[in-house]
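The tour below goes from one selection to the next and says what is found at each stop.

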Amino acid sequence: MEGSPRPVQVIIQGKPYVLQSDDPPEHLQRVADIVDEALSELTGGRPNTQYPVAILAAMNIASELLKARTEMTDLKSDLDSRARTLIELIDERLASSDRS
């Protein structure tokens, strides 16, 4: 749940970053983990904190990606539920029309 911005420390490529965000700390840590993993793959595991602005940009992009994935999952669940409800209604109508 979002609230007022608060500082959250994360570690990326061995370097601490203190971020101000109204996102939950768990979300920011997950974002930092994604960015850290991607940077490790790109650098062959050798720490490279030479471009802190690029790291922060990657954090913003990864955060948006995680939020979009969560929203997509929620929408898919809602759509599946609505489809099941519609199928049940159709089946009920068909069953009642067969009895008539």
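Start with the largest pocket of this predicted model, whose volume is about 210 Å³. A pocket here is an open set of points on a 1 Å grid over the protein atoms alone, where a 1.4 Å probe fits, with protein on both sides within 12 Å along at least five of seven lines. Grid points are joined across faces, edges and corners, and the volume is the space filled by probe spheres set on the points.

Select the lining next, meaning residues with an atom within 4 Å of a point: Leu 19, Gln 20, Ser 21, Asp 23, Leu 28, Val 31, Leu 56, Met 59, Asn 60, Ser 63, Glu 64 and Lys 67. The elements giving two or more residues to this lining are strand S2 (15–21), helix H1 (25–43) and helix H2 (52–99). Helices (H or I, at least four residues) and strands (E, at least two) are DSSP runs numbered from the N terminus. H2 gives the most, with six residues. Colour the lining by class and you get five nonpolar, four polar and three charged residues. In this scheme Ala, Val, Leu, Ile, Met, Phe, Trp, Tyr, Cys and Pro are nonpolar, Asp, Glu, Lys and Arg are charged, and the others, Gly among them, are polar.

Stay on the lining and pick Ser 63, which lies in helix H2. Is Ser 63 buried or exposed? Ser 63 counts as buried because its relative accessible area is 9%; buried means under 20%, exposed over 50% and partly exposed in between (1.4 Å probe, protein chains only). Leaving out residues up to four places away in sequence, Ser 63 touches Asp 23, His 27 and Val 31, where contact means heavy atoms within 4.5 Å.

Now select strand S1 (residues 6–12), which runs antiparallel to S2 and is joined to S2 by seven bridges. Strands pair if DSSP finds at least two bridges between them. Within this pair, Val 10 stands opposite Tyr 17 in S2.

Move to Gln 13, in the loop between S1 and S2. The hairpin has two residues between its strands. Gln 13 is not a glycine, yet its phi is positive, at about 55 degrees. Gln 13 is buried, because its relative accessibility is 8%.

From there, go to Thr 43 in helix H1. Thr 43 contacts Gln 13 and Asn 48, apart from its neighbours within four places in sequence. A relative accessibility of 14% is why Thr 43 counts as buried.

Next, show the largest nonpolar core, which has 13 residues. Such a core is a set of buried Ala, Val, Leu, Ile, Met, Phe, Trp, Tyr and Cys residues joined through side-chain atoms within 4.5 Å. The members touching the most others are Val 10, Ile 12, Tyr 17, Val 35 and Met 59. S1, S2, H1 and H2 each give two or more residues to this core. Centre on Val 35: beyond four places in sequence, Val 35 touches Ile 12, Ile 55, Ala 58, Met 59 and Ala 62.

Finish at Ser 96 in helix H2, partly exposed at 32% relative accessibility. The C-alpha atoms of Ser 96 and Asp 74 are 33 Å apart.

Residues are numbered from 1 along each chain as its sequence is written, and side-chain values use heavy atoms, with hydrogens and water left out. In this predicted model, local features need pLDDT of at least 70 and side-chain atom pairs count only at pLDDT 80 or more, while totals for chains, interfaces and linings use all residues.
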